[in-house]
Amino acid sequence: MNSIFNSPRIICFDTEMTNPRHKEILELSIFNGEYREVFHEYFMPVLSKTWTKTEQVHHISPEMVADKPSFESMLSEIQKVFDSASVIVGYDLHNDIESTEKWGVVYNRDKQIYCDVREIYWLIRGRKEGLVYGTTPNLIDCARNLGFDWSSETAHCASSDTKATIFCYLTLMEEFMTSHDELAGSSLEEIVKFCQDKIYEERCNEFANRVNTDIYLIKKTDGYCIQTNPEDESKCVAKIRVNDVNKAKYDISKMFSRRTVPGRTKVWKLRTSDIEAFLDYSNTYTTMEDSMYYAKLFNAAKSLVGSFFK
């Protein structure tokens, strides 16, 4: 690759951490747009003595970091790398920004652009594959789909994950450019900002398409379920029109959760009062930025199909 994106002004990073309580950084890797690792270090945590659950994922043991520097002692050097960037890239980027900010890294949100490869994959590839926003495959599958060779890499190692993430970013942005001739001659930052605006636009379009939809309560042999496009409306026992279909699915599933038929997902044994509650249900569409529902939806999706997420 040799393009405008092969720039030191782009950095991509990944962290590996201790337990969820302290979220101390055990490993940090930073690559730049030139596909070069410009920083890598292991760190000795200050608060955590063991981190059994996360150790099973990244295999960083307390013994491995016993003689390593603290994150704080390296902060000045780390900050210089972040300060050099106008574009910051990651996979599920908010998690890594949250952890690094907690331990002292300062971000310049007025001048830096933040790009989550998970969202860019959804924009360029995922929508064509029928994926709804928030259900992009995990980094391993995303990188493999784009041609990254994992044979000599170790997933959940910060260096390998960062290398895979910057590979995905460079590949996707080159693909993005082939569909946008109008960006020829634009600066790196202008192109990246255009892409981020496009993600926001398409995300809003997807949510808007969820507005004003009929939901049917369908009688099955072993219970009831809800559908939006039933093949046989004769099995419909009730119908409502909702303003936000995905929010309705989430709310109704939660409302009937105690009625779930054993061994069946989203099939319920309902009483007359439950059907009346279904008929009384309504909601109001709000954008993702105005509603905490979408955060709940994404977290619920992660718990149900965790293998699809990093």
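Predicted model: local features only at pLDDT ≥ 70, side-chain atom pairs only at ≥ 80, totals over all residues.
Buried positions in H8 are Leu188, Ile191, Val192, Cys195, Gln196, Ile199, Glu202, Arg203, Glu206 and Phe207. When the helix is viewed down its axis, these buried residues fall within an arc of 150 degrees and therefore line one face of H8. An α-helix has 3.6 residues a turn, so residues three or four places apart point the same way.

Aromatic pairs number 10 in the structure. One of these, formed by Phe176 and Phe194, is tilted, with 6.1 Å from centre to centre and 50 degrees between the planes. This pair links distant parts of the chain, since Phe176 belongs to helix H7 (residues 158–178) and Phe194 to helix H8, 18 residues apart. Phe176 is buried, at a relative accessible area of 4%, whereas Phe194, at 27%, is partly exposed.

The rings of Phe256 and Trp268 have centres 5.3 Å apart and planes at 65 degrees, and because the angle is over 60 degrees the pair is edge-to-face. Both residues lie in the loop between helix H9 (245–255) and helix H10 (272–280), 12 residues apart, and both Phe256 and Trp268 are buried.

A single aromatic cluster is formed by Phe13, Phe82, Tyr107 and Tyr114. Arg109 lies over the face of Tyr114, 5.8 Å from the ring centre, while the charged end of Lys219 sits over the ring of Tyr224 at 5.3 Å from its centre.

Conventions: Residues numbered from 1 in each chain as written. Heavy atoms only, no water. Buried < 20%, exposed > 50% of the residue type's maximum accessible area, 1.4 Å probe, protein only. Helix = DSSP H or I, 4+ residues; strand = E, 2+ residues; numbered from the N terminus. Arc of directions from axis to C-beta. Phe/Tyr/Trp six-rings, centres within 6.5 Å; stacked < 30°, edge-to-face > 60°. Lys NZ or Arg CZ within 6 Å of the ring centre and 35° of its normal.
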